[in-house]
Amino acid sequence: MKMSKGENIAQYVIVALLGLLCVSVLYPFLYMLAISLNDGADAAKGGVYLWPRNFTLINYEIVLGNEIIRNSYLITIGRTIIGTVGGLLVTLLVAYGLSYRGLPFRGTILGYILITMLFSGGLVPYYIQLNNLGLINSFWVYVLPGLFSVWNMFVMLKFIQGIPEALVESAELDGAGPLRILMQMIIPLSKPMLAALGLFTAVGHWNDWFAGAFFVTKQELIPVQTFLQQLLAASDLSAVLGSNTNQEALARSSQLQNITLMSIKMAVVMVSAIPILCVYPFLQKYFVKGVLVGSVKG
């Protein structure tokens, strides 16, 4: 289709604006990557913007070789996997049960669930509740409170209700029970929706620093994002290297003498961001479909 001169100009303007938007998003990431791959003392002089001037991997060697950070990664990976799978399972079961219009007190249950999404008791009652449940200073404080999401439940509910009732009725006539219908019909048809909500849930678990900062005091139980939050507020390298680091060994190494707190911070940021970014390409084909669920009705 031939476009007018005004339409061509509008297209160029849109492309230029989108290009500027991409640059504004990518540049901070590339800057942090360059600093993390550059000698710390050299980067402190300035002038490092898009690529390292004095390439080194010592920052990553220190970060990945630190026991505290490795343990933080295990906590983060564990809570992300268990929390995402468990959260999707629990929320899907609730949504599937509430999708039956003949369920007794269905409207009352939906109203009660909606109230919990709109109103909360606040941080102090929430802390007291977690303490009474024995979840404070426990790994399960990252998992159990987030197993059920009201917002995700309503999204799942609308999606399940959009599945033709004739499919469910035909399965019931063939003798399939509710569990078999869920496993062999609802879940396979819900892959795009589950992939999109699963990605949102996983990113939420991976990026959460709040629970580790307020509900956990044991250093061995903090996730990597909480460690990063502590590191960004630190004034020296003891947060990374530890207070018991052999200072003589550090003095003998010219590479370690050139590291700075900023270079270590950038390395931790990269190590904490890259894994979750690598998950997106594998879910992209489902993610686009899942985001558009319910936006277009035929």
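**Salt bridges and a helix crossing**

Guide: The structure, a predicted model, holds two salt bridges.

Visitor: What is the general idea behind such a pair?

Guide: Side chains of opposite charge can pair when their charged atoms come close. Here, the side chains of D42 and R53 form a salt bridge with an N to O distance of 3.0 Å. D42 belongs to helix α2 (residues 40–43), while R53 sits in the loop between α2 and α3, 11 residues apart.

Visitor: Which side chains form a salt bridge with D208 or R79 in it?

Guide: D208 and R79 meet each other, at 3.0 Å from N to O. Because D208 lies in the loop between α10 and α11 and R79 in helix α4, the pair ties together parts 129 residues apart in sequence. D208 is buried at 19% relative accessibility, and R79 is buried at 3%.

Visitor: Helix α4 also packs with helix α9. At what angle do they pack?

Guide: The angle between α4 (residues 67–98) and α9 (residues 178–189) is about 110 degrees, and their axes are 12 Å apart. This angle falls within 65 to 115 degrees, so α4 is roughly perpendicular to α9. Their crossing is right-handed.

Visitor: Which residues make the contact?

Guide: From α4 come L92, L93 and Y96; from α9 come P178, I181, L182, I186 and I187. By class, the contact of α4 with α9 has eight nonpolar residues, no polar and no charged.

Terms used:
Residues numbered from 1 in each chain as written. Predicted model: local features only at pLDDT ≥ 70, side-chain atom pairs only at ≥ 80, totals over all residues. Heavy atoms only, no water. Axes fitted to C-alpha atoms, helices over the stretch in contact; angles between N-to-C directions. Helix = DSSP H or I, 4+ residues; strand = E, 2+ residues; numbered from the N terminus. Parallel < 35°, antiparallel > 145°, perpendicular 65-115°, else oblique. Left-handed = near helix turned anticlockwise from the far one by under 90°. Contact = heavy atoms within 4.5 Å. Nonpolar A, V, L, I, M, F, W, Y, C, P; charged D, E, K, R; others polar. Salt bridge = Lys/Arg side-chain N within 4 Å of Asp/Glu carboxyl O. Buried < 20%, exposed > 50% of the residue type's maximum accessible area, 1.4 Å probe, protein only.
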